[in-house]
Structures are given as C-alpha cells and as structure tokens.
Amino acid sequence: MRIVDVLRKPTTLHVIFAILFIIPFQTILFFPFTLETLDLLREPPTDIIQTEPILLVGYIILPIIYCIIVSLFLKPKTLVNPIHIQIGAYFISSVIIINGLLANTEFTSELFINLFGVLVFISMYILMIALIQFFIVWWVIGLNYDGSTRQSFVINGSPNEIMKILGKDFLRIRNFNKPKPYGNPDNPIIFTKCNELKHFVIVAFGAYQNSNNKCVLSTVAFHRGVSWVSESPRANAISDSIISYVKVKLQEKNTKYKITKLDKVDDFVSSTAFSFIEAITQPKIYIILEFFEKISSFFRYAIYLTIGAFLIFSIACLFGFIIIDSYVVAIVPTIIALAFEIGISLREEFSFKKMYDYF
C-alpha cells in the first residue's frame, strides 16, 4: 500500500493529527487579537476589535480552506471540524496570556475578575467565528456517507393505478410529505418521504423499464445526523412496514397484484431515488465543477473575468493602491455582475434543485 493511501485513510488518529497540526498556526494568527483585547484591563478601548484586518481575515479563512482540503483529501471524505481547531487555539492562547500576566503582575482579585471577563469575551467571539466556519465547511463538504438500505420491488400494475389504490390513507400511515412528481410529465416518478426523528425513508413509484403496465416501488432508508448519512435499523423497520402495508392494501383490492423484490437496485427509478442521497453527500466543489462544465463558454469566461476583477480590486485595496471608497464603488458593480451571470446560468437548474431541496 502506498504512503499516500495510508495517509488518506480517515481514522480517528488521522483526524486528530490534522487538527493538532493547524492549531499552532491558528494561535499565531489570532494571538494579536487576544493581546489587544487585554487593553480592556487598562483603559476603555475605542474599538472592540483592534487587530489588523488582514490577520482577522486570515484567522477566519485559514481554517475554512484547510478543513475543506483535508476533509476532501481523506478517502472516504471525513469532515475535519474547525470548531475543534478554534478550541485548541483558544486554550493555548489562554495559557500564554495567563502565564504572562502572572509572571509580570501581582495577582489580585480584581485582576482575576477582569482577566476572567476578558477570556469569556474572547471565548464568545471565538465560538461565533467557529460556528460560522463549521457551517461553511459543512455546506461545502456535504454529509459523510456511511451507508443506507435500498430495496426495490416490481408490481404488476401501472404507477397511476397503484397510487390510486393506495390513496391518501397511504400518506397518513407514516405522515408522508405531499408526493412530488419528477421527470417526464407523461410518465413521472412520484416521490415522497417520511421522517421520524431524523430516521428517513424515501419512497418512489415509477414505471418499470418504460412499461406502463409495471410499477417499481423503491425505498431508501437512512439516518441523517449533523455530518453523517448512515444505515439505521429504525429506518429499516419503517421501510419494511411501508412495504408490508403496500402488499396488504393491494391484496385487499385485488389478489392479482403481485409485488416481487428485485435482485438489483440499478433500475432508473431506484437510481433516481438514491440520487437524492448523493445530492446531500456530494461535495459542493464537485457540483460547482459540473456546473461550470454545463454552462456555455461565454458565461464561463465572463464569470472568470468578473472573479479576476474582484481579486485585483481587493488586492489593490489591501496594499493601499486604491482607497476604500474607490474600492466599494468598483466592487459593488462587479459583485452585481457576477450574481447576474451566475443567476442566468442557474436558471435551467432551478426545477431540479427544488426537487432536491424537497429532500
């Protein structure tokens, strides 16, 4: 096995090492802020945040970029939590600050109270930044996929016929969402889902191999946590009860209806049902790359040029080549143009996105 393959294996030790590796750099970036905040002990500050903007931006951006890169480097991808990095950096900074004060200042109850207040203020500020960083990384990386249970059955009846027999009673048994059609309007796949304390079952009905006389019943059962999609015995039990209900309901209507389990779950209905799991677990970076491959060359280059202009204006303002007022005047139209270009390109994706948002 290659060294790279060993490094990419997402064990707990790998994740801990990745977090410990970045903590010293994060501490260095944010240490000026913690020191300047200690001015609260000496005199009323004119600004709550007194550190250099470039350091503060670096402190916020570095963990986001680092966690995204490391999370995608691990195979399978595993979210490296920036909150843990911030906790480590805060702990080291606090130890250094307390040690420095005690070494140079006589310890008094007033000093203790003031120091405690400052450290609490810093911890609240760090927690706010850490939560923002976490949600950005979590959104970009997507949920980790640790498995789900998929079942597919074929029924000797058309999808519309089966749905009509099941009726509204079927939706009430597990408090299903309102069914949503997807795909060909003349022969759509009908989706619905139920959710019991984050234990989900997606149910799909659609034509089997484009045959209007046969219907595929596909289910996907899983548990959705904060950062994981995983198999769930409870969701499996719910899925089995749904299938049993369908069997009983069809038999009550007419004994001619037979429901047969498929050996594979690679038919179009089953694959489409599972694609909703893929949508919430696929990293947004891959989605963005696919998006740029789909759009026309004109809009692609227009977006590249607009992003380039944004970076040039930002760097020029950072190094003092243009004043902040001129930067704002230049950057606002640039951002509007970028939003307009991407908005037009995304217009055709909206109907598909709405379907994914449903799940």
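This is a predicted model: local features need pLDDT of at least 70, side-chain atom pairs count only at pLDDT 80 or more; totals for chains, interfaces and linings use all residues.
Start with the big picture. The protein has 359 residues, and 40% of them count as buried. If you look at contacts between residues at least 6 apart in sequence, 72% of them link residues at least 24 apart. As for the accessible surface, that's about 21100 Å², with 66% of it belonging to carbon and sulfur atoms.

Now zoom in on α7, which runs over residues 233–253. From first C-alpha to last, this 21-residue helix reaches 30 Å, close to the 30 Å expected at 1.5 Å a residue. Its buried residues are Ala235, Ile238, Ser239, Ile242, Ile243, Val246, Lys249 and Leu250. Looking down the helix axis, the buried residues of α7 fall within an arc of 135°, so they line one face. The spacing makes sense: an α-helix has 3.6 residues a turn, so residues three or four places apart point the same way. Who does the covering? Among the elements over the buried residues of α7 are α6 and the strands β2, β4, β5, β6 and β8. On the face turned away from the buried side sit the exposed Pro233 and Glu252.

Next up is α8, residues 268–281. Its end C-alpha atoms are 20 Å apart, in agreement with the span its 14 residues should have at 1.5 Å each. Ten of those 14 residues are buried, so α8 is largely enclosed by the rest of the structure. Among the buried ones are Phe274, Phe276, Ile277 and Ile280, along with Ser270 and Thr272. At the start of α8, a side-chain oxygen of Asp267 comes to within 3.2 Å of the backbone nitrogen of Val269, and Val269 is itself buried.

Methods: Residues are numbered from 1 along each chain as its sequence is written. Side-chain values use heavy atoms; hydrogens and water are left out. Helices (H or I, at least four residues) and strands (E, at least two) are DSSP runs, numbered from the N terminus. The expected span of a helix is 1.5 Å times one less than its number of residues. Buried means under 20% relative accessible area, exposed over 50%, partly exposed in between (1.4 Å probe, protein chains only). The arc is that of the directions from the helix axis to the C-beta atoms. Contact means heavy atoms within 4.5 Å. Accessible areas come from the Shrake-Rupley method with a 1.4 Å probe; for residues, only the protein chains shown count as cover. A polar contact is a pair of N or O atoms within 3.5 Å; within protein, one must be able to donate a hydrogen and the other to accept it, and residues adjacent in sequence count only if both atoms are side-chain atoms.
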